[in-house]
Structures are given as C-alpha cells and as structure tokens.
Amino acid sequence: MKDRLKQIVDAFHKYNSEHMAYQAFGLSEDVVYDALVVAPSFTPYRLQMNDSCKITTLREGSYIGGYLMEKDGRKIAWIKIGSSAGNLIDHLALCAELSFKKLIFIGAVGALKEGFEVGDICTPAYAISGSQADTYLLRDSIRETALFSRVEPDMRFVDKVIRLGEEKGYTIRKASVFCTPSIALEYLHLDEIKRFDTDLIEMETSSFYRMADLLEVPGVALLVVSDNSASGVALVGRTEEQQRKYDDGRKVILPDMIWAITNSCMMEE
C-alpha cells in the first residue's frame with residue numbers, strides 16, 4: 001500500500017483495535033485471497049452465486065457483511081457495504097491489511113444519456129467525484145477540496161477485463177460516470193449534473209479507483225445499468241422485460257465475470 005494509506009491505517013489503529021477486517025467482515029490477514037469483491041448492498045447470495053460455488057457467511061449485520069467464496073482452489077473475499085463514497089472508503093480502509101490479488105467493485109448505475117439499456121454492463125472510463133469524502137481521503141487539510149476532480153482507472157487492466165468479457169461473449173461498455181452523494185437529491189440537481197457530460201451516475205467509483213491506487217492492487221468496477229433518466233426508464237417501476245434484462249446482467253454476467261477475472265492470469269502477463 002502507498003504511504004498515504006499507511007498513514008490512514010496507522011491513525012485508525014491509534015483509536016481502534018487490531019484486525020479490523022476480521023472484526024467487521026470475518027476476513028483473515030493470514031489468507032491470500034485471489035480477489036476481493038466490494039459491493040454496495042449486493043451479496044453473493046443475491047447474485048445467486050451459491051448455485052455455482054461454495055459460500056461461507058463470515059459476518060452478517062444490518063448493512064455490512066463478509067463472505068468467503070471457494071471454487072476450484074480459488075478464494076474470493078466479498079464485502080457487502082452500504083452505499084456512498086464514505087462507506088466505500090471506510091470499509092476498504094478496514095481491508096487494507098488483507099492480502100488480495102485483484103479488487104472488483106460490483107454495483108448498479110443509472111444512465112444519463114439515451115443508448116444505455118437496463119441490464120447493460122459498463123465500466124468507468126473516468127469518474128467525476130461529486131462527494132467531499134474524497135477530500136478526507138486525499139488532502140492533508142479538509143479545508144482543501146477534491147470536489148469534481150476527475151479520476152481515471154488503470155486502463156491497461158480495465159481493457160484486459162473488457163477483452164476477457166468479449167471472449168465470453170459479453171459486451172462491457174466504457175462510459176464516463178458522475179459520482180453523487182445522494183440518490184434522492186440527484187434529481188433536483190440533474191440539469192447541473194448533466195452539464196458535466198457524463199454518461200452514467202452512481203455513488204462510489206471515483207473513491208473505489210482512488211482506493212485501488214492507494215492499495216496498489218489492480219481494480220475494476222463492473223456496473224449494471226438499473227435505470228435511465230434520459231429515456232424515461234425508472235429505477236422504481238421497471239417493466240417485466242426490463243427486470244428480466246436487469247436480472248440477466250446482475251445474476252448471470254456479473255457472477256461469470258467475477259470468476260473469470262479471478263481465474264485469469266492477466267496481471268502476470
């Protein structure tokens with residue numbers, strides 16, 4: 001991990017106990033995990049991954065949970081977290097002392113432009129940070145700001161994931177993302193948000209890629225489109241066909257890609 005994250009973890013330990021990932025999620029510092037999946041609200045059971053692998057529930061609370069998935073000698077650690085940039089930063093910071101080879105974010109995303117259908121799988125080409133949580137993460141003084149800064153992933157790794165999807169017959173679309181701190185309030189400010197000219201809107205990926213950089217672990221975010229404000233497809237109140245496409249993206253493509261990324265040796269090439 002980078003020095004900035006070491007500073008964060010050391011300050012955290014000063015006022016808290018050791019083995020934080022174990023206490024929160026039941027994950028062990030003595031295990032080398034092939035991947036760590038971080039998912040706001042999604043569990044491996046919700047994605048029906050128990051049909052294809054062994055899942056052990058390690059910790060389960062009201063809004064966070066820890067799970068171990070095992071298949072063909074591979075081990076995936078999975079953390080369910082609450083939504084928002086702050087939740088993502090906090091809970092990945094708890095996992096900073098774990099050993100894992102790849103980092104995968106799984107989430108839902110809204111579309112801001114026509115041409116994106118419910119169930120499409122996207123990955124950020126870049127993300128615009130709309131949350132002040134990134135200021136706490138990056139800046140020495142919280143009087144400074146990282147608001148509306150642009151975050152770019154390691155596109156070499158992302159492009160390899162896209163090619164891996166193509167080999168399996170899946171289309172993973174690159175798209176720009178605005179990261180909002182509020183779902184309910186984004187609609188009130190939607191015209192202003194649209195002036196950033198991003199394709200999609202969600203809450204965590206700018207912070208996810210900043211944490212992946214600090215962790216010094218290859219990371220990729222896979223997002224399933226859940227709604228589209230530009231074409232009038234609502235988050236609440238999908239048609240039966242829209243729900244079928246969403247479930248296919250969430251329960252078929254995402255689980256398949258998680259294992260494909262985990263099993264791939266692309267980072268050793």
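Reply: Happy to! Keep in mind that this is a predicted model. Let's take helix α5 and then look at some side chains elsewhere in the chain.

Helix α5 covers residues 155-167, which makes 13 residues. From its first C-alpha to its last it reaches 18 Å, close to the 18 Å expected at 1.5 Å a residue. Just after the helix comes Gly169, with a positive phi of about 90°.

Which residues of α5 are buried? They are Phe157, Val158, Lys160, Val161, Ile162, Leu164 and Gly165. Notice that a lysine, Lys160, is on that list. These buried residues pack against strands β8 (121-129), β10 (172-179) and β12 (219-228), and also against helices α7 (205-215) and α8 (240-263).

Arg173, in strand β10, pairs with Asp120, in the loop between β7 (103-111) and β8. Their side chains meet at 3.4 Å, N to O, and the two residues are 53 residues apart in the chain. Arg173 is partly exposed, with a relative accessible area of 29%.

How many salt bridges are there? The count comes to 14. One of them joins Lys54 and Glu70 at 3.9 Å, N to O. That pair also links distant parts of the chain, with Lys54 in strand β3 (residues 54-60) and Glu70 in strand β4 (residues 65-71), 16 residues apart. Lys54 counts as exposed at 52% relative accessibility, while Glu70 is partly exposed at 22%. Another salt bridge connects Arg150 and Glu152, whose closest N and O atoms are 3.1 Å apart. Here Arg150 is partly exposed at 48%, and Glu152 counts as exposed at 52%. There is also a network of salt bridges linking Asp34, Arg74 and Lys101.

Finally, the cysteines. A search of the whole structure finds zero disulfides. For Cys95, the nearest cysteine sulfur is that of Cys53, 19 Å away.

Note on methods: Residues numbered from 1 in each chain as written. Predicted model: local features only at pLDDT ≥ 70, side-chain atom pairs only at ≥ 80, totals over all residues. Heavy atoms only, no water. Disulfide = S-S within 2.5 Å. Helix = DSSP H or I, 4+ residues; strand = E, 2+ residues; numbered from the N terminus. Expected span 1.5 Å × (residues − 1). Buried < 20%, exposed > 50% of the residue type's maximum accessible area, 1.4 Å probe, protein only. Contact = heavy atoms within 4.5 Å. Salt bridge = Lys/Arg side-chain N within 4 Å of Asp/Glu carboxyl O.
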